[in-house]
Amino acid sequence: MLDFKLKGMKYTILIGLFLITSSIKANAQDYQTRIVQDRQEKALSLSKSKFGPLPADQVQFLDYFPVDKAYRVTADVTLLLGEETFKMPTYDGTSNPYKRYAILNFTLNNKPYQLTVYQSAALFQNPQYKNHLFLPFLDLTNGQESYSGGRYIDLATTDIIGGKATIDFNAAYNPYCAYSNGYRCPVPPQENILETKIMAGEKAFHKQKNERPVDIQAGQNFSQEDLVIINQGSQTDKFRILQITDQKDLSILTTTSSDLKYNDPSIPTLEKRMLITVQDPAHAGVGIAAPQIGINKNLIVVQRFDKEGEPFESYINPKIIWRSKFTRKGVEGCLSIPDRREEVLRSYTIRLQHINKDGKIIEENIEGFTAVIFQHEVDHLYGILYPDRIEQAEKEEFEPLSDKMEFYIKPNTIRP
């Protein structure tokens, strides 16, 4: 009898082990299936619009590391309180406002690592994204197995439970910049560089980058609030220029503007009054952006020193789609920043894209001082002020070339 019971007990244990093993395998398969489904859904969302970052016929070129549960780690979370908003640079040369939300400490392959997770200051105002957290990172696979610009992971404040959160590197994905030019993809901060290879998540996109298609119908008409500003007073009256010394004005000046319908009937009136404003002898300038008069729409007026007669011209939905790495330092002031003039580093040459009044997409290369004016005014459309550029440059290293080359120009010619 004893022998029979022992045999039965062994049999029961074997059955139990079999069930546990089967359960583990089933859970692993369920996890892998979920990751694969998430990737398929992402691919569909990328390509569902003809104006999206990835053409439908290129979805097949998306590539991923094999799903590996070892890259799903639990992190200890330290919340950061009272953090100031800062400008996180983007790969198109602009920046987006973020706050540091928490520090994540975790162990991977028996080594300790740390990442910072961020909260978008712009998206936080949207109820749909109030719990969204952004985790950008760089690692030793970038530029080889994975995209050179780093990868992102999405988290939520609700993922933090009991001071812990799960980081799943299998869910790491490429920014839109991996597939197409023309997107404002944040550059992972220095503190989020991992000195290890993260062999999980999305791999590099091994096709030539696409040029982002422009949807000329995607802009907005002026709001009722905009129209009040545009039509207040006569067409020969100048606008009041917003000042950073006024908190309400500063809120508008630091807000990202929206694209404009190229054929909105109020554009000519706005352009005329902006021109009168920037040419005011009491406070004359060389450029002005719509946010500076209280309208967060993408329209600027710029003096073209590179054209005969140095005319002022207006530009609808201007985008700088390329900036030279060769930079120049020059003194800048701003109609919205009183009593200040400082030296700012700007790209010497840019490629500008905008929409003309006939709805045609125009691109041109611009250099020298005129390129500086365009960069200054386009920055206004992203809520960036020139002191932000000075602060950003102080965090980077530049090699002076003044001892390596000299520039000359013939007298009485158009200034570059």
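A disulfide is a pair of cysteine sulfur atoms within 2.5 Å. The model is predicted: local features need pLDDT of at least 70, side-chain atom pairs count only at pLDDT 80 or more, and totals for chains, interfaces and linings use all residues. Residues are numbered from 1 along each chain as its sequence is written, and side-chain values use heavy atoms, with hydrogens and water left out.

**Exercise 1.** Find which cysteines form a disulfide, and give its handedness.

*Solution.* 
- Step 1. Apply the cut-off. The count comes to one disulfide.
- Step 2. Name the pair. The sulfur atoms of cysteine 177 and cysteine 185 are 2.1 Å apart.
- Step 3. Take the torsion about the S-S bond of cysteine 177 and cysteine 185. It is about 105°, so this disulfide is right-handed.

**Exercise 2.** Decide whether cysteine 177 and cysteine 185 are buried or exposed.

*Solution.* 
- Step 1. Recall the classes: buried is under 20% relative accessible area, exposed is over 50%, and partly exposed is in between (1.4 Å probe, protein chains only).
- Step 2. Cysteine 177 has a relative accessible area of 5%, so cysteine 177 is buried.
- Step 3. Cysteine 185 has 4%, so cysteine 185 is buried too.

**Exercise 3.** Describe the surroundings of aspartate 168.

*Solution.* 
- Step 1. Aspartate 168 is buried because its relative accessible area is 11%.
- Step 2. List contacts (heavy atoms within 4.5 Å). Leaving aside neighbours within four places in sequence, aspartate 168 is in contact with Tyr31, Ile35, Tyr71, Arg72 and Ile153.
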